[in-house]
Amino acid sequence: MFRRQYQAIAIISAPSSAVWSTLVDTPDYHRWNTFTQKVDLDWAIGSPVKMEVVMNLGRKPIKQTEYLTQYVEGAKIAWGLNWWPLLKAERTQTLSLHKGGCQYETVDTIKGPLTPIVHAIYGQRILAGFERVCEGLKNYAEAKHK
């Protein structure tokens with residue numbers, strides 16, 4: 001089975017409640033998130049998550065639709081796509097307590113025979129985007145909390 005994971009982590013010096021409120025305030029994503037600048041969803045499990053993703057800074061965003069797979073208030077959001085048996089992907093964003101604040105982690109798990117192609121085309125861009133998300137969320141939440 002082909003499988004890849006892309007992960008980025010940020011330690012944020014702000015209460016998890018402040019970081020969580022930033023994560024669920026999708027209309028304001030453009031203020032801090034240079035990777036997924038626009039997200040539209042209704043928070044019901046199974047409902048569409050319509051996004052505009054910037055794989056390369058300075059380029060036009062890619063429009064894509066995934067589906068909400070998990071929602072745990074204050075702790076976890078996940079969405080993904082299921083083109084099984086060719087490809088299944090799920091991006092999970094979690095918050096956990098950490099000394100003086102919280103830890104934010106974003107992980108995208110991709111499985112299926114198309115995984116090597118996705119990795120070759122988008123792997124480094126996904127990882128770079130996740131690192132930008134972590135940096136943007138950390139800076140925005142910490143500044144907002146001061």
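Which residue forms a salt bridge with Glu142? The partner of Glu142 is Lys138, with the closest N and O atoms 2.7 Å apart. A salt bridge here is a side-chain nitrogen of Lys or Arg within 4 Å of a carboxyl oxygen of Asp or Glu.

## Basis of the model

This is a predicted model, in which local features need pLDDT of at least 70, side-chain atom pairs count only at pLDDT 80 or more, and totals for chains, interfaces and linings use all residues. Residues are numbered from 1 along each chain as its sequence is written, and side-chain values use heavy atoms, leaving out hydrogens and water.

## Overall form

The protein chain has two helices and seven strands; helices (H or I, at least four residues) and strands (E, at least two) are DSSP runs, numbered from the N terminus. In order from the N terminus, the elements run β-α-β-β-β-β-β-β-α. The radius of gyration of the protein chain is 15 Å, close to the 15 Å that the globule rule gives for 146 residues, so the chain is as compact as a globular protein of that length. That radius is taken over C-alpha atoms, and the globule rule is 2.2 Å times the number of residues to the power 0.38.

Along the principal axes, the C-alpha atoms fill a box of roughly 45 × 35 × 25 Å. Of the 146 residues, 42% count as buried. Buried means under 20% relative accessible area, exposed over 50%, and partly exposed in between (1.4 Å probe, protein chains only).

## Salt bridges

By the rule given above, the model has two salt bridges. Glu142 and Lys138 lie four residues apart in helix α2 (residues 115-145), and are therefore separated by about one helical turn. Glu142 counts as buried at 18% relative accessibility, while Lys138 is partly exposed at 26%.

The side chains of Arg31 and Asp28 also meet in a salt bridge, at 3.0 Å from N to O. Arg31 is exposed, with a relative accessible area of 54%.

## Surroundings of Thr22

Thr22 lies in helix α1 (residues 16-24) and is buried, with a relative accessible area of 3%. Not counting residues up to four places away in sequence, Thr22 touches Tyr29, Trp32, Leu137, Tyr140 and Lys144, where contact means heavy atoms within 4.5 Å. Thr22 and Leu137 are 115 residues apart along the chain, and their C-alpha atoms are separated by 7.8 Å.

Across the protein chain, among contacts between residues at least 6 apart in sequence, 52% join residues at least 24 apart.
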